[in-house]
Amino acid sequence: MNYEIGPDLREISETIWFGLNLRQLLSSVVGIVLSVLIWVLLRDRLGQQYTSWLCCAAVAPCACIGFVKVQGQPFERFALSWLKFAFLESKELPFKSNDINVKLLSARRDKVTKGKDGDADENAEDVREAG
């Protein structure tokens with residue numbers, strides 16, 4: 001016997017504190033601890049403005065890991081697959097057309113560049129060959 005579970009029931013997660021699930025709570029705590037450490041250690045060296053921007057930049061990945069889902073995937077899985085696609089498995093994809101007009105024009109251009117000047121009979125043969 002097979003029971004179907006609705007998509008809204010699959011997304012239910014147990015809340016721990018203030019409506020946050022465990023994943024969100026841990027990423028929030030890590031982000032807060034990280035920003036406090038950066039603030040305490042670098043405030044005197046860099047100044048308040050630069051340190052506050054550095055805190056925001058350091059907390060952003062923690063927030064993404066805890067709260068962002070892209071196409072049903074957690075952020076870290078999405079980020080790893082994007083990095084793999086963009087940098088590790090990237091390759092140049094050349095354009096190849098299946099258009100009959102492109103084939104005819106390229107055949108005609110090849111004949112002209114080789115020194116053969118085509119006439120109407122040769123064009124008819126090109127059309128029969130391509131079609």
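Figure 1. Thr51 is found in helix H3. In this predicted model, Thr51 has a relative accessibility of 0% and therefore counts as buried. With its neighbours within four places in sequence left aside, Thr51 is in contact with Ile38, Trp39, Leu42, Arg43 and Leu46. A contact here joins heavy atoms within 4.5 Å.

**Figure 2. Packing of helix H2 against helix H3.** Helix H2 covers residues 22-46 and helix H3 covers residues 48-67. The two helices pack at an angle of about 165°, and their axes are 8 Å apart. H2 is therefore roughly antiparallel to H3, since angles over 145 degrees are placed in that class. The crossing of H2 and H3 is right-handed. By residue class, the contact of H2 with H3 divides into 14 nonpolar, 9 polar and 2 charged residues.

**Figure 3. Position of Gln24 in helix H2.** Gln24 is found in helix H2. The relative accessibility of Gln24 is 17%, so this residue counts as buried; the limit for that class is under 20%. When residues up to four places away in sequence are not counted, Gln24 touches Gly19, Gly66 and Phe67.

**Figure 4. Val36 of helix H2 and its separation from Cys55.** Val36 has its place in helix H2. With a relative accessible area of 47%, Val36 is partly exposed. Along the chain, Val36 and Cys55 are 19 residues apart.

Figure 5. Gln71 lies in the loop between strand S1 (69-70) and strand S2 (73-74). Phi of Gln71 is near 50°, which is a positive value in a residue other than glycine. The relative accessibility of Gln71 is 76%, so Gln71 counts as exposed.

**Figure 6. The aromatic pair formed by Trp82 and Phe87.** The structure holds 1 aromatic pair. Trp82 and Phe87 form this pair, with 5.9 Å from centre to centre and 90° between the planes. The arrangement of Trp82 and Phe87 is edge-to-face, a class that requires planes over 60 degrees apart. Trp82 has a relative accessibility of 46% and therefore counts as partly exposed. For Phe87 the corresponding value is 58%, so Phe87 counts as exposed.

**Figure 7. Architecture of the protein chain, as context for the close-up views.** The secondary structure of the chain comes to 6 helices and 2 strands. From the N terminus on, the elements run α-α-α-β-β-α-α-α. The protein chain has 131 residues, of which 11% count as buried. Among contacts between residues at least 6 apart in sequence, 37% join residues at least 24 apart. Among the residues shown in the views, Thr51 is buried at 0% relative accessibility, Gln24 is buried at 17%, and Gln71 is exposed at 76%.

Definitions and conventions
Residues are numbered from 1 along each chain as its sequence is written. This is a predicted model: local features need pLDDT of at least 70, side-chain atom pairs count only at pLDDT 80 or more; totals for chains, interfaces and linings use all residues. Side-chain values use heavy atoms; hydrogens and water are left out. Axes are lines fitted to C-alpha atoms, for helices over the stretch in contact, and angles run from 0 to 180 degrees between N-to-C directions. Helices (H or I, at least four residues) and strands (E, at least two) are DSSP runs, numbered from the N terminus. Angles under 35 degrees count as roughly parallel, over 145 as roughly antiparallel, 65 to 115 as roughly perpendicular and the rest as oblique. A crossing is left-handed if the near helix is turned anticlockwise from the far one by less than a right angle, and right-handed if clockwise. Ala, Val, Leu, Ile, Met, Phe, Trp, Tyr, Cys and Pro count as nonpolar, Asp, Glu, Lys and Arg as charged, and the others, Gly among them, as polar. Buried means under 20% relative accessible area, exposed over 50%, partly exposed in between (1.4 Å probe, protein chains only). Rings of Phe, Tyr and Trp (its six-membered ring) pair if their centres lie within 6.5 Å; planes under 30 degrees apart count as stacked, over 60 as edge-to-face and the rest as tilted.
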